[in-house]
Amino acid sequence: MVEPVGNQYIVARPVYSEALFDEEHEKVHRYHKTFADHLRVLFSCSPQKAKKITLDLFPILSWLPAYHFKSWMLSDIVSGVSTGVVAVLQGLAFALLANVPPAYGLYAAFFPVIMYFFFGTSRHISVGPFPVLSLMVGGAVLRMVPDDTGNSTLTNSSSITQQRIVVAASVTMLAGIFQLLLGVLRIGFIVIYLSQSLISGYTTAAAIHVVVSQLKFIFQLPVPGYNKPLGLFLTLKSVFGQITDTNIADLVTALIVLVIVFLVKEVNERYKAKLPAPIPIELIVTVIASGISYACKFKDKYQVDVVGKLDKGFQAPGAPDVSVFQTCAGDSFSIAVVAFAVAFSVAKVYSIKHDYPIDANQELIAFGIGNIVGGAFKGFAASTSLSRSGVQESAGGKTQVAGFLSAIVVMVVILAIGQLLEPLQKSVLAALALGNLKGMLMQFKEIGILWKKDRYDCLIWVVTFLSVILLGLDLGLVAGVGFQLLTVIFRTQFPKFTVLANIGRSDIYRNRKDYRDIYEPEGVRIFRCPSPIFFANIGFFKDKLTAAVGFSPLRVLRKRNKALRKIRRMLKKGELQVTPKGFICTVSSPTDSEDELDNNRIEELDRPTDTKDLPIQIDWNSDLPSNIIVPRVDIHSIILDFSAVSFLDVSSMRVLRETLKEFIRINVDVYIVGAHDGLLDKLERCGFFDDEVKPSMFFLTVHDAVLFILVQKDIAASSPKFKPITEKENKDHYIINTNGGLRNRDVMVSRTAPKFYTTGVYRVSAILCYPAANTLIATHKPQLHDEACACMK
């Protein structure tokens, strides 16, 4: 029963254990599907399921029939043309990162986009080359086909180029196969293992690698590739070792283009609300640079390195090199995961902004098919670019039609006007590539933000960044993921256990260190576990629990059993006498040494204490004979708050059971509260319960357990906090006064389960009635007391 009273509330219900609650409310034991059931559902077939699978596999069948031609087509055309122009230039520029001729970057900007049009679920991302992926492909290419192989069959530059094209295409196809398999097997959740902090640190470090890799084109120096740990520093050493051979024309051109691109992009960003569309600065500088280079004959006069001949049309599809599959499987898997993580992160941003769903597994399938087809036509790995996607969205793109039209623009360049870009300097493409790195390089600002928000995330960012800088893109990613998992393990292996106390005399329990107005029932310790309990942290859990209660239960149990041995031996020899006040030792020293007692039948020390054969009941906290020392135990009840414990493994279950038995054997009752149904079912299946550890120790909430303990232990009769309250009526109840006390007002008390009413969050003036009402009324304002009593009636 719940009665709202202003900003207060009154709750009336019994004090529930888990078993009592299930019995009273007729808990339904649901059937949980087995693995065979899931397989049966997976392989079943029906018209509805076939339709759903078809629509999921081909999202175009869902959104294209609902396409608003009149209102969306013009926006998609403008967006597609703008994005296509940027895709052409980025394809040419990022091909240099992949160590293949610039023309092959156009294939990477065409085929994956077409495939995504049919299979993708995001309406706004622009699929195509991404600088980090291009650099990862380029690393694998350099390792397989280095600049100086020492093999006479590869001295010809054309032969080296062709081999690099095959390697890049093979790596891309294998990455696509990995993505397709992950999507078909519904393993899209793999992206959760790449946190935002890790992705940010990784892409920032990759941007540094991109900058260094482009220096050889800006300075036009013959710098070999170093795809190994510390390769970035070896590249810098090679560049600065040849700095005097710099081609000044390439350097000046690159610097001018870089400055112009940065300035115009800043204008686009600052005035994006006022501009109808971003200024296509990449297109403008490319056209001007190509015209000037052609008119002034830069190639002949200054020996600059230019794009060169661009073949018209598409390459014939070809089979991959299987030997590359065997050698570069690790590279391909890293490319597959990073490509999906980056693309899905960008797609998720736009899906939230424009309120439409995306499917992670379908995205994997779309990118997998795109990279397989792109690799077959000699392209390299594709994902998405944040800058290119920003152009597509800000230019008014509504659906995947904008991406399809951008691919048409790329196709026009491939088939018709590609030769116009032949005089373009490679240093200009390098400058354009660097101009698109601003967003990634600005991620350095996240270090300070993460340090203030979460230092673990900050450490993940820094460690990932340094690992990629020092070890390279592949090993650095592995190191970053490994460190991230270590932080998760560390946080679950060493969680912050807390001791709880009652706050404000209500039913609210919080960390006792955080509040002043607390109430702790005498002899009761409430211990909260904030994480799952498993083999790695069960030892830490036991140590913290021991520290919280202030004693080791196993040590106390052994001390008591050794004391009982000594007492029995001394009674038998007449060295100990029993009096109404306790034991009296009649000798000055014991006859048995401590070592003899320790080594005599030591296996019995861990058994429950048995005092049935003794003439009196021993009070272990009272004065014992001087030669018998047993640790004092001032706690009679422990409440374990398991509301945050999502699972227990078998190893931790065994240790937990032994720990509970140790407390129970020294007469310390243990109660577990807040455990979810799955945990209780698992404990039942694993035979966790026996004659000592019983299901009756489980309660719904901390407050239920506390009230049960107060009644069972009859704390009110001896507590000095409880002041007498004189009343002429209702003699058969307890009263909890504003000091949090509990007083017994009648010697004979019914032990039936109580009910309680509780209201508000301020002060307590409550009545626990026996046996007339079996109800506790807890109100947090004295004036609500009468209203609560009325609820009982």
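At what angle do helix H8 and helix H10 pack, and how far apart are their axes? Hold that for a moment.

A word on confidence. This is a predicted model. The average pLDDT for the chain is 81. Of the residues, 85% score at least 70. Then there is the stretch 716-793, where pLDDT stays under 50. For those residues the model has 195 contacts beyond four places in sequence. Please keep that pLDDT in mind when you look at residues 716-793.

Back to the opening pair. H8 covers residues 131-144, and H10 covers residues 196-219. Their axes lie 9 Å apart, and the packing angle is about 65 degrees. The crossing of H8 past H10 is left-handed. On the H8 side we have Pro131, Val132, Leu135 and Met136. They meet Tyr202, Ala206, His209, Val210 and Ser213 of H10. By class, that contact has 7 nonpolar residues, 2 polar and no charged.

Next pair: H7, residues 111-119, with H19, residues 400-417. These axes come within 9 Å. They cross at roughly 155 degrees. Over 145 counts as roughly antiparallel, so H7 and H19 are roughly antiparallel to each other. H7 also passes H19 in a left-handed crossing. H7 contributes Val113, Ile114 and Phe117 to the contact. From H19 come Gln400, Val401, Gly403, Phe404, Ser406 and Ala407.

To recap the geometry: about 65 degrees for H8 with H10, and roughly 155 degrees for H7 with H19.

Key
Residues numbered from 1 in each chain as written. Predicted model: local features only at pLDDT ≥ 70, side-chain atom pairs only at ≥ 80, totals over all residues. Heavy atoms only, no water. pLDDT = per-residue confidence, 0-100. Contact = heavy atoms within 4.5 Å. Axes fitted to C-alpha atoms, helices over the stretch in contact; angles between N-to-C directions. Helix = DSSP H or I, 4+ residues; strand = E, 2+ residues; numbered from the N terminus. Parallel < 35°, antiparallel > 145°, perpendicular 65-115°, else oblique. Left-handed = near helix turned anticlockwise from the far one by under 90°. Nonpolar A, V, L, I, M, F, W, Y, C, P; charged D, E, K, R; others polar.
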